[in-house]
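Hi there,

Here is the model I promised to pass on to you. Have a look at it first, and then read on for my notes.

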Amino acid sequence: MYTEINNKMEASEAYFSKIIKENKSTIFTVCYMFSNDKEEVNDLFQNILINIWQGLSKFEGRSNMKTWIYRISLNSCISSSRKKKRDDTIPLSMDIDLFDKSNDESNKQIELLHKRISKLQPFDRAIVLLWLENMPYEEIGQIIGISTRNVTVRMFRIREQLKNMSIE
Amino acid sequence: MEENNIQELEEMRQQLNILQEKLDQQDIVNEKLLKSSMKSKMSWIVKYIIGEVIVIPILAIMLSGIYVMFNLPFYSYIYILLICVADIYMDYRINISSMKPADYEKNNLMQTVKKLIKMKKMRSYQTLFGFLLTCIWLFWLGYDMCHLTGVPNTELYNGLVHGCTIGMGIGGVIGLVIAYFIYKKMQSTNDEIIKIIEAIDDLKDNKEN
């Protein structure tokens, strides 16, 4: 019985590692858009991984994996934005510092994206990120937990906000 | 204006693609996490030894009460007391003073692995000798309990003596079994830390490749 349990645990861990490897850029992108420094990004990243691990057994496959990962990541980041509490953990991190102000052109583009998105409210950031991933409004609504109509209205407001940002 | 706005969003989409391409090439770094989990794995052993230091004097006082009550010769009491003090000292030397926090942070963790293997060996010797010496004490105490002098020969007292002898015998055996499980857990803690060091080494190899 213990061998069976151990085998199941090892299989779960292997499956979890596989999911994280395949979706790490999605998770990290969300974290990056919801924080202002490297440490905070790493904290968020770790929290999301914990939430994914805990939620994995309850995942019923009704949505695709990427949608589910987005839902968990966004909900984690939106709650963290509200709480802004630092846990006493050693964070996992990616081997890259996106806040590094180097002259690299790609870093400049990324910085510009971060600047625009971080000026939005946390909820709107979530919507924009999903929209930038070419998700339909219906799916965005399902992930965020609002109606499709609400997504349409919010997207209109977000566009206005971005327009005003570029005028400033 | 509307066209500019659409263009802006398209720009953002391209920027997001750049970001995600960059992130796809990165590894998740968890070396720090592994190192900190190494330190925290040993912390239960430190707490156990602190517990020993607190509990054993209390048990020594209780045991001395039994020696006084049954008028037992104090030689075996002094004997077991010396064993306990030596055991606590060895626990400290083997599990605490032999490893420093810096040992978990070093760049060359192979030294740390060697220390951990040596720790396991020393612990095995300590446990073996501890078991033998404790068994000698249990037999010695049992012999003394069966050959009491200077105590009233009443039914109540005889009942007490028998009860205590059996209780201490059972307690002694249970104590030895618990000690054995604690020993096994300490050894497996060392094994886990050695595995973590191997994982850190693998991480470093992957980065270099």
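Let me start with chain B: among its contacts between residues at least 6 apart in sequence, 82% join residues at least 24 apart. Please keep in mind as you read that this is a predicted model.

The secondary structure of chain B consists of five helices and one strand, and from the N terminus on the order is α-β-α-α-α-α. Chain B has 209 residues, of which 34% count as buried. Its accessible surface comes to about 12,800 Å², and carbon and sulfur atoms account for 66% of that.

Next, the aromatic rings. Over all chains, the count comes to eight aromatic pairs. One of them joins Trp44(B) and Tyr48(B): the ring centres are 6.5 Å apart and the planes are at 55 degrees, so this pair is tilted. Both residues belong to helix α2 of chain B, which covers residues 31-69, and they are four residues apart, about one turn of the helix. Trp44(B) has a relative accessibility of 22% and counts as partly exposed; Tyr48(B), with a relative accessible area of 27%, is partly exposed too.

Tyr180(B) and Phe181(B) give another pair, with ring centres 6.0 Å apart and planes at 65 degrees; angles over 60 degrees count as edge-to-face, so that is the label for this pair. How exposed are the two partners, Tyr180(B) and Phe181(B)? Tyr180(B) has a relative accessible area of 37%, which makes it partly exposed, while Phe181(B) is at 55% and is exposed. Elsewhere in chain B, ring pairs link Tyr67(B), Phe74(B) and Tyr77(B) into a cluster.

Some rings also have a charged residue over the face. Lys185(B) lies over the face of Trp44(B), 4.4 Å from the ring centre, so Trp44(B) has this lysine over its ring as well as its tilted pairing with Tyr48(B). Between the chains, Arg13(B) lies over the face of Trp131(A), at 4.2 Å from the ring centre.

On the surface of chain B you will find a nonpolar patch made up of Val46(B), Ile50(B), Ile54(B), Val55(B), Ile58(B), Leu59(B) and Met62(B). Together these residues have about 630 Å² of accessible area. Met62(B), one of the members of the patch, is found in helix α2 of chain B and is exposed, with a relative accessible area of 53%.

Ile52(A) sits in helix α2 of that chain, residues 38-55. Its relative accessible area is 0%, so Ile52(A) is buried. Which residues does Ile52(A) contact, leaving aside its neighbours within four places in sequence? They are Phe16(A), Ile20(A), Ile27(A), Trp68(A), Ile69(A) and Ile72(A). As for Ile20(A), it is 32 residues from Ile52(A) along the chain, and their C-alpha atoms are separated by 8.9 Å.

The other residue is Asp124(A), in helix α5 of chain A, residues 122-132. Is Asp124(A) buried or exposed? At 9% relative accessibility it counts as buried, because the limit for that is under 20%. Not counting residues up to four places away in sequence, Asp124(A) touches Arg154(A), Ile158(A) and Gln161(A).

Enjoy looking through it, and do write back with any questions.

Best wishes

Methods:
Residues numbered from 1 in each chain as written. Chains lettered and ligands numbered in written order. Predicted model: local features only at pLDDT ≥ 70, side-chain atom pairs only at ≥ 80, totals over all residues. Heavy atoms only, no water. Phe/Tyr/Trp six-rings, centres within 6.5 Å; stacked < 30°, edge-to-face > 60°. Helix = DSSP H or I, 4+ residues; strand = E, 2+ residues; numbered from the N terminus. Buried < 20%, exposed > 50% of the residue type's maximum accessible area, 1.4 Å probe, protein only. Lys NZ or Arg CZ within 6 Å of the ring centre and 35° of its normal. Patch = residues over 30% accessible without salt bridge, like charges linked within 9 Å, V, L, I, M, F, W, Y side chains within 5 Å. Areas by Shrake-Rupley, 256 points an atom, 1.4 Å probe, with all protein chains shown as cover. Salt bridge = Lys/Arg side-chain N within 4 Å of Asp/Glu carboxyl O. Contact = heavy atoms within 4.5 Å.
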